[in-house]
Amino acid sequence: MIVRILGEGQLEVPESAADELNQLDAALESAVERSDEAAFQPALQALLARVREVGTPAKPDELKPSELIVPQADATMDEVRKLLADDGLIPG
Amino acid sequence: MGVMKRVTMVFRAKANKALDRMEDPRETLDYSYQTQLELLQKVRRGVADVATSRKRVELQINQLQQSEGKLDRQARDSLGAGREDLAREALTRKAGIQSQLEDLQTQYASLQGEEEKLTAASQRLQAKVDAFRTRKETIKATYTAAEAQTRINEAFTGISEEMGDVGLAIQRAEDKTAQMRARAGAIDELMASGALEDMVSGPHDDIQAELDRMGAGQGVDRELERMKAEIAQGSAPRQIEGAQGASDAEPASTASAVEQGQAGDGE
């Protein structure tokens, strides 16, 4: 499956990694919901690290939409909230 | 549902909304391609803007480093001439400049990072736009309007996601560049007003003026200081004999010899 890291591009990630990534993602989501700044950064970095570890860069001329999109590495909790909101951050 | 899935859905919703607005799917292709070219221009302008800011900060860093070096020399010269008060003043000013420098160097690194990210984003977008153009021509030539629809949808959603991502990267870079401009402007103003300039150069440079005055009027005093230092060193370990020997033959470097003599004394 294709996973995008915002600001970095798309990665090809094996389906077998999906469960593990979803667990890491659940920790991130719970940190955002609890407004837990202390847990937020480590959770985001752990998710990003694992995606980079299991992923390989997708072909640059591929036009497929991503199945999952991970916020950028230096995202703040506030930015992630806005990303989750309809018509929040994404321009255009 | 997870952050990743939710972010993906927001991107998809954006693309779908744009698709819904298009009546003729083939028209969608041309219109979208135009938008892509515009975004490509925008991201390239973004790279140029960040580079301009980075160069400005670089220039300021160079200026402040020169000031720092000059104040350091003045502090040494002052100490060499036995004027600890002047040396202290020079070092205080140097510390002020150093904190400005540290701040600017952090900003510089951040701008450099933004520039690299945007350059990479522009290359990724370029690859997708090229792919889209090829796909667009194939779809227009090969398929009927009805058949084209599904093929267009995927390509459009894919490129739309890339465009959204690049658009976000441009926004982040613009924010950082705007902050940087404000800071760089403040430092330029400081320099123009003389507040920074005063410290280190030109006719307002009081430390240098004092050093020059002493250099012209107190040659005898300094000679005496040097001799005292030499005598005092007779009882201390003579580690810098060579340097002192050279300075004896060369009166112009008396000041630095005194400075070395005193530095030796202090240890």
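How much area do chain B and chain A bury between them? About 3400 Å², with 57% of it on carbon and sulfur atoms. Keep in mind that this is a predicted model, in which local features need pLDDT of at least 70, side-chain atom pairs count only at pLDDT 80 or more, and totals for chains, interfaces and linings use all residues. Residues are numbered from 1 along each chain as its sequence is written, chains are lettered from A and ligands numbered from 1 in the order in which they are written, and side-chain values use heavy atoms, with hydrogens and water left out.

**View 1. Where chain B meets chain A.** Buried area is the accessible area (1.4 Å probe) that two parts lose on being put together, summed over both. The contact (heavy atoms within 4.5 Å) takes 34 residues from chain B and 40 residues from chain A. On the chain B side, Val3(B), Met4(B) and Lys14(B) lose the most area to chain A, together 22% of what that side buries. The model scores ipTM 0.91 and pTM 0.73.

**View 2. Helix H3 of chain A against helix H1 of chain B.** Helices here are DSSP runs (H or I, at least four residues), numbered from the N terminus. H3(A), residues 77-84, and H1(B), residues 3-21, pack at about 50 degrees with their axes 8 Å apart. Axes are lines fitted to C-alpha atoms, for helices over the stretch in contact, and angles run from 0 to 180 degrees between N-to-C directions. So H3(A) is oblique to H1(B); under 35 degrees would be roughly parallel, over 145 roughly antiparallel, 65 to 115 roughly perpendicular, and the rest is oblique. Look for Val80(A), Leu83(A) and Leu84(A) meeting Val3(B), Arg6(B), Val7(B), Val10(B) and Phe11(B).

**View 3. Helix H1 of chain A against helix H1 of chain B.** H1(A), residues 18-33, packs with H1(B) at about 80 degrees, axes 8 Å apart, so H1(A) is roughly perpendicular to H1(B). From H1(A) come Leu21(A), Asn22(A), Asp25(A), Leu28(A), Glu29(A) and Glu33(A), and from H1(B) come Val3(B), Met4(B), Lys5(B) and Arg6(B).

**View 4. Helices H2 and H3 within chain B.** H2(B), residues 25-80, packs with H3(B) at about 165 degrees, with axes 6 Å apart. The two are therefore roughly antiparallel to each other.

View 5. In chain B, confidence is highest in H3(B), residues 84-142, at 91, and lowest in H9(B), residues 254-266, at a mean of 45. Over residues 242-267 of chain B, pLDDT stays under 50. Where pLDDT is low, the predicted coordinates should not be read in detail.

Technical notes
pLDDT = per-residue confidence, 0-100.
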